Amino acid sequence: MAYEHILVETRGSVGLIILNRPKAMNALCADLAREIAEAVDAYEADDAIGALVVTGSEKAFCAGADIKEMQSKSYMDVYKEDFITVNWERLSQCRKPVIAAVAGYALGGGCEFAMMCDFILAAENAKFGQPEILIGTIPGAGGTQRLPRFIGKAKAMEMALTGRMMDAEEAERAGLVSRIVPADELVDEAVATAEKIANLSQPIVMLAKESVNRAYETTLAEGIRFERRVFHSTFSTEDQKEGMSAFAEKRTAEFKHR
């Protein structure tokens, strides 16, 4: 399928989605969100794809939502169309693992977009921020909810109230970023990491992802109970039998994704 605002590539068992609005620093607009949702749908339906990588350019992962698109909207406009909800959250709903490879600016909707992924690999020049307060509004795609869960209330509150940007080193220390990678190696490293995940048992990977995400949505006791039941369920899969047999026999497991 041909897209106007994104590029897509398949690298082995990894689906790569590249934001491609260079003149707007990859700002998120309705059409871009729709195209991303369509690409995620296609990769999710493809059994040959085990993981996804989302990235932008070296200058900007995504500079935020497109202000020109939304500045004239009224309250009733955004309410009736459920602005942002439609298509924008598709990444967070993907069952397959999604890695954000962030270089340059990830601001506002761009920061929120990266947080919808399962983890973030950042180039040394990456900068994260929620500057909505500077234009008379607040984060609307999860910035006041996901960011405190990732980096704690104090830093999230400061960023939301001042618009201060966080560089890659601070983001890694705070827990927003998994690892920092040289900019010229960022996409290749993200794809290699995704490929490693994709070569494991796909259903087991999805169960692991679901279990970790459960930690943010329930109490510890309920989360432990959920994890235990999911762990038990893995013993019904062919891949669990193959994985443990391969370990005992000192050979490489050949997962069938069943």
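Where is the place of His5? In this predicted model, His5 lies in the segment before β1. The residue is buried, because its relative accessible area is 11% and the cut-off for buried is under 20%. Residues up to four places away in sequence are left out of its contact list. The list holds Ile18, Leu19, Asn20 and Arg21. It also holds Cys29, Asp31, Leu32 and Glu35.

At one end of the order, β7 (residues 119-123) and β10 run parallel. Three bridges join them. Ala123 stands opposite Val181, a residue of β10.

Two packed helices are described by the angle between their axes and the distance between the axes. For α10 and α11, the angle is about 175 degrees and the axes are 10 Å apart. The pair is therefore roughly antiparallel, as angles over 145 degrees count as such. On the α10 side, the residues that meet α11 are Ile204, Leu207, Glu210, Ser211 and Arg214. On the α11 side, they are Phe226, Val230, Ser233 and Thr234. Arg214 and Phe226 also form a charge-ring arrangement. The charged end of Arg214 sits over the ring of Phe226, 4.2 Å from its centre. A second case involves Lys73 and Phe83. Here the charged end of Lys73 sits over the ring, 5.4 Å from the centre.

Aromatic rings were examined next. A search of the whole structure finds five aromatic pairs. One of them joins Tyr75 and Tyr79, with ring centres 5.8 Å apart. The planes of these rings lie at 20 degrees, so the pair is stacked; the cut-off for stacking is under 30 degrees. Both residues belong to helix α3 (residues 75-80). They are four residues apart, so about one helical turn separates them. Tyr75 is exposed, with a relative accessible area of 60%. Tyr79 is exposed too, at 55%.

Phe150 and Tyr216 form another pair. Their ring centres are 6.0 Å apart. Their planes are at 85 degrees, so the pair is edge-to-face; planes over 60 degrees apart count as such. Phe150 lies in helix α6 (residues 146-151). Tyr216 lies in the loop between α10 (202-214) and α11 (220-234). The pair therefore ties together parts that are 66 residues apart in sequence. Phe150 is partly exposed, with a relative accessible area of 27%. Tyr216 is also partly exposed, at 40%.

How values were computed. Residues numbered from 1 in each chain as written. Predicted model: local features only at pLDDT ≥ 70, side-chain atom pairs only at ≥ 80, totals over all residues. Heavy atoms only, no water. Phe/Tyr/Trp six-rings, centres within 6.5 Å; stacked < 30°, edge-to-face > 60°. Helix = DSSP H or I, 4+ residues; strand = E, 2+ residues; numbered from the N terminus. Buried < 20%, exposed > 50% of the residue type's maximum accessible area, 1.4 Å probe, protein only. Lys NZ or Arg CZ within 6 Å of the ring centre and 35° of its normal. Pairing = 2+ DSSP bridges. Axes fitted to C-alpha atoms, helices over the stretch in contact; angles between N-to-C directions. Parallel < 35°, antiparallel > 145°, perpendicular 65-115°, else oblique. Contact = heavy atoms within 4.5 Å.
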